[in-house]
Amino acid sequence: MMTRLTDDMVKDIIASLGSTDRMLVSLTGMNTLELACDAVGITPDMIDLRGIRVGVVPVTSGLGVIRKFSESVAEIVRNLGMESAVTEASDVAGLAEALSAGCEIVFMADDVQFIAVNTKNGRHSDNSFSTAAGYVSALKGAAGGLADRKVLVLGAGRVGGTAAELMVSMHAEVTVYDTDRKKSEDLSRRVGIKIADDLGDALLSHDLVFNASPAPISSDNIREGSVFSSPGIPFPFDDTGIKKTKAIIHDPLDIGAAVMAVQSASFSRLKP
Ligand code: 2YC
């Protein structure tokens, strides 16, 4: 099961969206909208997001609703120029409400999957792919390109595995480390990348790291001046570790949800 956001991780998202956007501009040269478009393989002039109605449906299954999760998704989408609202009802009634309101895109998340459905053609974007693509674009921006660069991927799960695949297609030299050697081997066989056996050695020998694991990262293992693109939750660095890095790109929800919104809009709104 993917790592789950907690109320505490979500409570400040809306208030910090501005600083997240400024962090992205300074570290990657792209704001949230430009980054999301880059992750989808388009440029902002190719799509008109204004006036697109988006519904966000709270889902009570499993461990239930996360306080402010839906409101945070709605605000992230609003910041991209779309019109968004959280439905009054949750679950199936919420979905029916969004469809009756003519929403072109509907966001829903349970404990296993987080998707955005384009109601015009039924295609959908998924948070795992979107988070991988968004954070790869961010690392590419921060590094000034990934071709022929050595990149270490921590975590061979859905996000790390997709990120490895994307970076191989960008001709990066990717190595993967996962505490579960079998997952590293499966990914290595599927995508054709190297496997690291020792986390410390791997981190100390890489300037560029894509961190998609939920584990803490010890400052002893951080290479001076390294760049981390780090969607992994919870935030894995302590103050000593932060000081050793050149840049850390991290947010609990913003980049992934923004890429989902742009990707699902691109299914019906790309300019001819
Ligand atoms: O509030 C709600 O509607 C809940 N059902 C939302 C549950 C989201 C569970 N998923 C996660 O916490 C993580 C996020 C980082 C996004 C993807 N998985």
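Asp48 is partly exposed, at 26% relative accessibility. Its side chain meets that of Arg50 in a salt bridge, with 3.1 Å from N to O. Arg50 itself is exposed, with a relative accessible area of 63%. The model is predicted, and the count of salt bridges in it comes to 14.

- Helix 8 spans residues 181-191 and holds both Glu185 and Arg181, which are four residues apart.
- Glu185 and Arg181 form a salt bridge in which the closest N and O atoms are 2.8 Å apart.
- Because four residues in this helix make about one helical turn, that is the separation between Glu185 and Arg181.
- Both partners are partly exposed: Glu185 has 28% relative accessibility, and Arg181 has a relative accessible area of 38%.
- Lys182 pairs with Asp186 in another salt bridge, where the closest N and O atoms lie 2.9 Å apart.
- Lys182 and Asp186 also sit four residues apart in helix 8, about one turn of the helix.
- Asp186 counts as partly exposed, at 30% relative accessibility.

**A salt-bridge network**

- Asp8, Lys11 and Asp12 belong to one network, joined by salt bridges that share partners.
- In general, side chains of opposite charge can pair when their charged atoms come close.

**The largest nonpolar core**

- The largest nonpolar core has 67 residues.
- Within this core, the residues that touch the most other members are Met82, Phe107, Leu146 and Met167.
- Domain 1 (7-129 + 253-269) and domain 2 (142-249) each supply at least three residues to this core.

**A second core**

- A separate, second core consists of twelve residues.
- Among its members are Tyr177, Ala196, Ile222 and Ile248.

Key: Residues numbered from 1 in each chain as written. Predicted model: local features only at pLDDT ≥ 70, side-chain atom pairs only at ≥ 80, totals over all residues. Heavy atoms only, no water. Core = buried A, V, L, I, M, F, W, Y, C linked by side-chain atoms within 4.5 Å. Buried < 20%, exposed > 50% of the residue type's maximum accessible area, 1.4 Å probe, protein only. Domains from an automatic or database assignment. Salt bridge = Lys/Arg side-chain N within 4 Å of Asp/Glu carboxyl O. Helix = DSSP H or I, 4+ residues; strand = E, 2+ residues; numbered from the N terminus.
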